[in-house]
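Please look through the sequence and the structure shown below before reading on.

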Protein chains: 2
Amino acid sequence: MVQREALLKDAKPGDRLKIKKDEETYEGVLMPIHRFSGEDIITLKLDNGYNVGIKADKNTEVELIRKSEEEAKRKEKKIDIDESKSTISILGTGGTIASYVEYRTGAVHPAQTADDLLFSNPEIAERCRPKVEVLFSKLSEEMRPEDWVTIADRVIELFQEGSEGVIISHGTDTMGYTAAALSFLLEGLSKPVVLVGSQRSSDRPSSDAHLNLLAAVEMAKSDHPGVYVVMHESMSDKKCAVHKGTKVRKMHTSRRDAFESINDEPVGFVDPETGEVDIEERPKKGEDENIKRKGSMEEKVSLLYANPGLTEEDIKHARSKEGIVIAGTGLGHMPTDLIPALEEIIDEGLPVVMTSQCLYGTVNGHVYSAGRELKEAGVIFAGDMLPETAMVKLMWALTLDEDVEKVMKQNIAGEYTERRIR
Amino acid sequence: MVQREALLKDAKPGDRLKIKKDEETYEGVLMPIHRFSGEDIITLKLDNGYNVGIKADKNTEVELIRKSEEEAKRKEKKIDIDESKSTISILGTGGTIASYVEYRTGAVHPAQTADDLLFSNPEIAERCRPKVEVLFSKLSEEMRPEDWVTIADRVIELFQEGSEGVIISHGTDTMGYTAAALSFLLEGLSKPVVLVGSQRSSDRPSSDAHLNLLAAVEMAKSDHPGVYVVMHESMSDKKCAVHKGTKVRKMHTSRRDAFESINDEPVGFVDPETGEVDIEERPKKGEDENIKRKGSMEEKVSLLYANPGLTEEDIKHARSKEGIVIAGTGLGHMPTDLIPALEEIIDEGLPVVMTSQCLYGTVNGHVYSAGRELKEAGVIFAGDMLPETAMVKLMWALTLDEDVEKVMKQNIAGEYTERRIR
């Protein structure tokens, strides 16, 4: 086996190298060794922002072009911002998409400035006038409902300051929850808000960060108002899917095409290379003068997973909350002996919303007697709404001065479809 | 519009009719009007067990062949049981698959006897020597862990009494939970146990009950020991999929092809018409002398759905349980500020198991710091196990006199796969 170390000699992450292997020549910046890369994989970041993983073997030649210090100086001079292009804000909240390889040390950091981001993704400056800021740097699983409100407020300011579109870079774990929250919180939205993340961090050869970000830029420049999630559509790099913020779910722990629209088609697709945006007919971008935040988020809502082990105590525990969303079985069921306990809670004024753990399809309180009992007990059946979206929506509905059931049954941002005939 | 009632005149459900429409002629037993059928749909049960829905229009002719009383008498004489065929037990637990149209009254009842079932599905008697019994008649959502133990015990007796295979008819809502439970409870299983249900009740024109049941019979006759779920593979009636009992999940509220193998391929397929069973290489059927029930079910296990609204109180509530399964976000995460509360519970001796709400993919406690913290706190990462399967397995593991973590990490019935490289 060829030792990667022997080939690289004194080259350090951040150094600019030229690597020849077989018929191919690659020139780019050496990335740090990633713990999930194979033992002899050398990762270069090419000038267009792509990472490439090269398997070192006896036919591999490595040539040092520039040490990292000099490379960093040249990079700093190279990026021109075209002031005539659309202003797109890129709001960092954490996650790995906007991480940046510091050329001096080779360490990977979250992008803190426009420069950081542009060094990693120089193509962005060719496509828009980027305005980058880091709102906070949180792991996706650390995101709390109050953070959604903070993000919403900053998005509104960015539009008021003249952005044509806002991109939110976000960890993928709870990106669907945040997308749903912004869909409800942002009232009068007339421009695109695009959440984007990466399933493989940007220092890995297989990273999807670069292409997802380019696709997000194109969507943010488009004239389709709304809150969207833009991520790889398949394992291939050829297109990214644009999902409605209320209908999207992370359906795989690690694949690049983990995000899927549930009970809905993606709104459209973006080719990250050509920049082509192929979107169904949607309302056109308008003026953003009316954008404002509607409501806030009541954190005390529980998401209860119905199952054969669920007990009366589990239901009673929910008394400490302001509302409950149940991910029921099938068409929206739960153990029937628990219905009286649920009814008591509803009588005390707690809204209880029913969704399905099947994820696909729609709940229906009319088909079976158990459903009818739940409906009679006052449970709100939430159609084909995702359990997570229903939870976020209930958190929001509880902060409005409106009838909660009426709000839950109303289609605000494409989250709710009336029962469809199949 | 043509009135269905005018066409049917005095015909009652249970009567044998001949209906001509356009070029087609249908002969069969009139089914009750179903509330979900269109206004002018007449449903006939044909002699082969299929239901057909015929839209009544001005070209439709209805002829009475026999009144229900006479039809019932003829039916009773018609079914011959071939004593030389394999004995297949059909154990009713509820659900709509084994419902039976009483020819005298036209009412739909759960099948209580072999005769009931055979009148509805005469083809079964051509394929095996059926032994039908109704263990109980519960809605799927009423099924509790103690019921899984009751079913397991009866399955063991049926094998000891000479059955070659056991079919369990079951409501679809929690069929996956029951299938997982039987996979763990039945030790030394050397013959097939097949769970089957229907997404559309057997009095509806679109019912999948008949074909699913035929496919289940073929699988139960096969020489592949194990616990399986057999249901429609697609919207078409051409094949049914055979799913491993620990890897299957109801993924749609109403479609006939709602059941999917997650993180696994179906074990194989059955053509319900031809009876052809196409199964991957598996252990062959053996003697059942060693079959016995291993362990039981500890009901006090909670299934916690990680989300941005989860609180310390939710974690503390779990103290009243004997174990917790978390459906974490992404690779198996939860809000990190809750880890200390979780650690306290683990220190008190409660096992905590991590799965992913993504459903697809595998949890991994090594990739991100949050995962490492959870691992250090003592959380058991359950690989690619479904959250529901992990819950059932933990209920079972808690009743064994063995180390719970060791049991959870061990592959008992195909539920657990070591981390796969993608």
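Helix α11 (residues 387-397) of chain A has eleven of its eleven residues buried, so this helix is largely enclosed by the rest of the structure; here a residue is called buried if 20 or more other C-beta atoms, placed from the backbone, lie within 10 Å of its own, exposed if 12 or fewer do, and partly exposed in between.

Residues are numbered from 1 along each chain as its sequence is written, and chains are lettered from A and ligands numbered from 1 in the order in which they are written. Chain A averages a pLDDT of 87, and 88% of its residues score at least 70, pLDDT being the predictor's confidence in each residue on a scale from 0 to 100. For the model as a whole, the scores are ipTM 0.86 and pTM 0.86. Where pLDDT is low, the predicted coordinates should not be read in detail.

Chain A contains twelve helices and 23 strands, and 53% of its 422 residues are buried. Of the contacts in chain A with a separation of 6 or more, 71% join residues 24 or more positions apart, where a contact means that the C-beta atoms of two residues, placed from the backbone, lie within 7 Å. The domain assignment divides chain A into domain 1 (4-66), domain 2 (79-293) and domain 3 (301-409), with bounds that come from an automatic or database assignment. Between domain 2 and domain 3 of chain A, the contact takes twelve residues from domain 2 and ten residues from domain 3. Helix α6 (residues 175-185) of chain A gives the most to the domain 2 side, with six residues. That side divides into seven nonpolar, three polar and two charged residues, counting Ala, Val, Leu, Ile, Met, Phe, Trp, Tyr, Cys and Pro as nonpolar, Asp, Glu, Lys and Arg as charged, and the others, Gly among them, as polar.

The interior can be followed through the nonpolar cores, each a set of buried Ala, Val, Leu, Ile, Met, Phe, Trp, Tyr and Cys residues joined through C-beta atoms within 7 Å. The largest of these cores has 196 residues, and those with the most contacts inside it are Ile167, Leu182 and Val230 of chain A and Ile167, Leu182 and Val230 of chain B. A second, separate core of ten residues includes Leu17(A), Ile19(A), Ile42(A) and Ala56(A). Beyond its neighbours within four places in sequence, Ile167(B) is in contact with a set of residues including Ile88(B), Ile90(B), Val194(B) and Ala220(B). Of these, Ile90(B) lies in strand β6 (residues 87-92) of chain B and counts as buried because it has 30 C-beta neighbours inside 10 Å.

The same surface serves both copies, as 100% of the contact residues of chain B recur in chain A. The contact between the chains takes 50 residues from chain B and 50 residues from chain A. On the chain B side, the elements that give two or more residues are β20 (301-305), α8 (312-317) and α11 (387-397), and β20(B) gives the most, with four residues. By class, that side has 21 nonpolar, 18 polar and eleven charged residues.

Two loop residues deserve a separate look. Asn263(A), in the loop between β16 (259-261) and β17 (268-270) of chain A, has a positive phi near 60° although it is not a glycine, and counts as partly exposed with 19 C-beta neighbours inside 10 Å. Asp22(B), in the loop between β1 (16-21) and β2 (24-30) of chain B, likewise has a positive phi, of about 50°, without being a glycine, and counts as exposed with 8 C-beta neighbours inside 10 Å.

Key. This is a predicted model: local features need pLDDT of at least 70, side-chain atom pairs count only at pLDDT 80 or more; totals for chains, interfaces and linings use all residues.
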